Amino acid sequence: MTNLMQFIILGLGAGAAYTLLAQGVVLVYRGSGIVNFAQGAIAMAGAYVWYVTLEQGLGWSFWPAFVVGVLASVVIGVFFQQVVLRLVSKTGGSPLTKVIATLGLLIVIQSLIIQKYTDVPITAIGQYLPSNVWHSGSIVIQEDRIVLFAISVALTFVLWAVVKYTRIGLAISASAENERAVATLGWSPNFLGAVTWGVGSALAGAAGILIAPITGLNPIGFVIVVTISGLAAALVGGFRSFPLTLLGGMILGIGESLMTLYTPNLTSFTHLQVVTGAQTLVSLVVIIVVLVVRGQSLPLRSHVIERLPKLGTGKTRWPELIAGVAMALVLITILFDDVWITALSFSLMTGIILLSVVILTGFTGQLSLGQYAIGGLGALFAAQFVFHFHMPYVLAMILGVALAVPASLLFAIPALRTRGVNLAVVTLSLGYTVSQIIFNNAAITGRASDGGTKIGHVNLFGLNVDSLVYPNRWAIVCLVAFVLCALVTANLRRSASGRRLLAVRTNERAAASLGVSVFRAKIYAFGVAGAIAAVGGVLLGFRYTLVSYTGFDAFSSIYAVAYAVIGGVGYVVGAIVGSMMTAGGLGTNLFNLLHLGSWTTTFGGVLLLVLVIVQPNGAVEPISQQWDWLRRKVIHRKPLSVELPETAAERVEPGSLSVNDVTVRFGGVVAVDRASLSVEPGQIVGLIGPNGAGKTTFIDAVTGFVRPAAGKIVLKDTDITSWSAAQRSANGIRRSFQSLELFEDLTVLENLMAGTAEVGKWSWLTDLIWPRNKPLTPSAVAAVREFGLEDKLLSMPTDLSYGQRRLVAIARSVASGPSILLLDEPAAGLDENESRELARLIRRLADERGMGILLVEHDVGLVMSTCDRIVVIDFGSVIADGTPAEVREDQNVIAAYLGEQTQEEVEVSGE
Amino acid sequence: MLKRPLRLAAALTAVALVAAACGSSSSTPSTTTTKLTKSPVVIGQIVPLTGQGLQLTQSGQAMKAAIKYYNAHGGLNGHPLVLDQCDTQYIASLEAQCAQKLVNDHAVADIGGDTNTNVTAVQSTLDAAGIPRIGMLMGSITEYQSMNDYAIEPGMILMLGGMEVELIKHGAKKVSMVTVDTPQAAQLKALLAPIAVAAGGELVNVVLIPGTATDYTQYLTAAEANGATGAALAVGTAQANAFVQVYNQLKPTLKMSASSGTYSSDDLKKLGPWAHQAYYTYGVPIGNDPKVPGLKNVSTVLTEGGSGLTPASTEGQAIIPVMAMRGFMEAAGTITGDITGKSVQAAMNAATNLNMWGITPPWTPSKYISAGTTFGSIFANVSNPFLYDEGWNGTNGTDNGTFNMLKYVPGATVS
């Protein structure tokens, strides 16, 4: 018990450290909506300036050095916000781009510190807080840790009070949600951003200085521990609550301390010689628990749709590919010496891992910072087969990749309950835990004395391809592997499976509404990306006779995302371009020629920051555009067009919808109260009511986007109340959205195909090898013709007028020929002529195709003239249900909604 | 595209390039200004000078100084020496590339180097090319077992064992090993426990400190478990500093030992009471130990070579390369034909009782423990098994003599 108490008390110091760092992260997030991955690096910069430059170097006393150290952090943070983030916003960069910019800042700061302070020996940092030691029995209590704890509590309280009770605090929080609204209230968003980042960075600098005496100064360990543990603590606080962040920090600090106490017990329990990295489990468990409790499987209506970097087409340009391979072979066999061949091999191997980032982040929008960990697992599994079972290398490699796929699904699980930056934090922690517990433990990876797994000289199909003995052969192996993985990635992009991923990437809600199982899509993406990362990992591991796992660490995964973004995370070719920047790759060799080899990483970080501003889609995009232009000029290709088959519009499978006493609650608010209605085949039912009456919530409940607290929903005589949104959609009920929610990165044709593609049993595999895109279904063709989209099929939604975009959104819902169609304010934003045309289209869908349609609209004239029946809803309850004439005369309806509108709308509708 | 972002982008890139150009990183052979007219002899050094892990900056400085010194004193029988120093940045792929580079540049030896993340690749490459490794810091079993390696000191594993032995000799019979949480840590208990027993003590704890440790108090507390009376501290400088800070605050009764490879007297002055009570061990003494007059020779080389290091600021990692160059020059000086890797190998194998200024016993590089016993097969080419037992009096190192580590390695014999 004494030991337990001792280690709990010992954990307060670390807990205070995490809290101090995490509160800065929370403040910056509250003020700007960005999770700052560079918070730890900014803290470290302040600490280095304070101690190494000023105190140790120039002999300054504590307080002046402290102030200047904190100011250094402030300068970094404000400069970053004013220069990089503002420009990213101006050039239309997404929140994801901004997070990646913070990764770039982390890389730059860390590498510059390594460069500047490499030659400076850092001595023990004397403690300047009161450092008495108190004894209570055999328990030791350090005064400085208690003081740190007190500071962290006081800081938490101050931040909470400022944000809650001061005008500037409220303005900062509001600015993150809506800058324009805050500007109208007289606050400058730019000023608020500068204050947020300035104060947040000051907190970072102060935290770095306060904790440096207990952590020591080390550019690697410091950044990792504060980044992962600080983010974990902030995650407990939901990146919003300062008190909960304090709680999170303390849980982490005390938890890790107790892990140190119980590590010997863990060692005995596992029968291992030693258990490494046990402390990392604490942050991982905390993160996972938070996600399980808080996560959402589908984003809520309020979820902001993020614009992500642009995508390539995935089209394989065979002449260019063959030329590229030929050039590489010439370099490998003739021009390059062994040093350059090794660098090229390394670029190809890391390029394969970057392809996995293209699939996960580029195609599916999942920001995972664990790809190198998965690559390492592939290497580990393959190496075990060789080491323990003396399996042939080819078979071992294949099995290693295969086993890495289920392992990668571990990383997918958090993605099902969270998204965006939260996912990045989880996967970073997961990857770090894997590297510390598994890769770091030689008792697991191989013989303890080897420090890795001995595999001997690799030979494939009887040919020795040892990278040290035959570097050119190994390079060819890497080239073949890269080309195959690139083709798989390109095939995926062009396939129906890939379109589902893209749909999920762009808009999970819309994807689910079209029958795309978001769950399956994410699992699939992680699985395919995991397999490709494992291929890269196996090659990286097998290039030497001893597989060493030190390269599969957390930072490698961070760099992988950064370099993929540099190359172009939406482009297959972007992977090989980005891989040039990897330390040890071709970029390092080029830098070595200029005697700048150790600056490769710094340059990569700066390049990333520049690109997110001027070229957020990556270096490949302008090259790709110019190349396309040149090809068109040279080859004189005719403009592409899509030929539509001549098919007749078919009647849909008839089915009725019956909604019985459905109630939806959000906390204590009843949004829909025992609402009932029915829609028969070929019938148009209007649903009208004042703003906030619950119309969209009703549609969300019917289509599976919110779960009703009570009631039943029956489709084609089947109770679908417990079905997911994707299930309902796949079984004949489709919807459109008020806010369109098109897949902006897909062409109009691809938007339509996303809603209609049939899923073959083996398409998840065949799409990777030979993507066969089936022609548009007759229903989709009919939708194209009905909505006049024949010459818009290859356009991007952003190139269309608002009215055309509306039509695409509705056509996408109609394309699969649903039995029941729910349209949520389809006429919003249309002019009179467009509204009339839309009304005619809707009527034809019911009359000629036999669809049952539920039409939610504010345009009462449109509703009165188009609908067979109208249901009126107010305060969540149905107050009328009848023919347009009946509803028009209903006193309840007139009082609640129509009022004088009725006469006006009647005149407009011409009745 | 907006014009302002483009200008900014150009400015940021220019700043980065200018900053980079002002930095320095050399990985190509550097030429010397001597009047030596024979063909140059390329000396390689594969060492982490920058990067994210261990940084042996003084080792790099010392090699540069040694090359300059010997070129100013006639080179290698009239051949100028050219240093091919390759910074591995503690990155596995760069370690392998550096080895290949030495092969491409026709280096005759890798002297005073240190590899950590990709030892197998480096060793394989240099062994295959017939390039001997002289005076490298032996940290892995691969290096211990390679007959192409000629180490001046007993290597990492025996040094850790020496830290145990020192504590036990000074009365701390129950020892904790406090070290970094790395893959090699798994083997430590099995290797070090028998050494402690042979010295009359017991290894009671192995405390692993992760590279990302936040508060070191818990590790000090863990080191005191199981009745430990002494703790050997085998971590990097930054972590050691943080651990020492806690030690000075809590003032435990644990006796401490550490390696003097990464401590100079100037470093120890800043470590408070801990530094006075600790014992230090390494294959070479603390840089300004007055009881080891041979250190003056090292100081001469470093000073004349322009390293900027003083005896008080010199760490063991700087002494080793200077001595390695000494051994190389003594052995290779007997070569009459072409100076190649293979002829240097032959010279090292033939050399006996090389004069190492009395800092280590006269050195026979090829002396080794006979294989056949469990430990002997690991430590096959330990040619100098002696470690220093030192203290520190606040100004200088204090030499308490040396001890032969082979005495504590069960089954070890010398042939």
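**Notes on a predicted two-chain model**

1. Start in chain A, where the axes of helix H6 (residues 167-177) and helix H8 (residues 189-215) come within 10 Å and cross at roughly 105°. Axes here are lines fitted to C-alpha atoms, for helices over the stretch in contact, and angles run from 0 to 180 degrees between N-to-C directions. H6(A) and H8(A) are therefore roughly perpendicular, a label for 65 to 115 degrees. Helices (H or I, at least four residues) and strands (E, at least two) are DSSP runs, numbered from the N terminus.

2. Who does the touching? On the H6(A) side, A:Ile168, A:Ala171, A:Ile172 and A:Ser175 make the contact, and H8(A) brings A:Pro189, A:Phe191, A:Leu192, A:Val195 and A:Thr196. Contact means heavy atoms within 4.5 Å. Sorted by type, the residues of this contact are seven nonpolar, two polar and no charged. (Ala, Val, Leu, Ile, Met, Phe, Trp, Tyr, Cys and Pro count as nonpolar, Asp, Glu, Lys and Arg as charged, and the others, Gly among them, as polar.)

3. Before going on, a word on ground rules. This is a predicted model: local features need pLDDT of at least 70, side-chain atom pairs need 80 or more, and totals for chains, interfaces and linings use all residues. Residues are numbered from 1 along each chain as its sequence is written, chains are lettered from A and ligands numbered from 1 in written order, and side-chain values use heavy atoms, without hydrogens or water.

4. Still in chain A, is helix H31 (residues 778-786) mostly covered or mostly open? Mostly covered: seven of its nine residues are buried, meaning under 20% relative accessible area (1.4 Å probe, protein chains only). Among them are A:Val781, A:Val784 and A:Glu786. The buried residues of H31(A) pack against helices H29 (748-754), H32 (802-814) and H33 (832-849) of chain A. Just after H31(A), A:Gly788 has a positive phi of about 65°.

5. Now look at chain B, which has an open, parallel sheet of five strands in the order E2-E1-E3-E4-E5. Strands pair if DSSP finds at least two bridges between them. E1(B) and E3(B) pair over two bridges, and B:Ala109 is the bridge partner of B:Ile43. Helix H3 (residues 92-104) of chain B packs on the sheet, touching E1, E2 and E3 of chain B.

6. Finally, confidence. Chain B averages a pLDDT of 86, on a scale from 0 to 100. The lowest mean in chain B is 45, in helix H1 (residues 3-22), and the highest is 97, in E3(B).

Definitions and conventions. Angles under 35 degrees count as roughly parallel, over 145 as roughly antiparallel, 65 to 115 as roughly perpendicular and the rest as oblique. Buried means under 20% relative accessible area, exposed over 50%, partly exposed in between (1.4 Å probe, protein chains only). pLDDT is the predictor's confidence in each residue, from 0 to 100.
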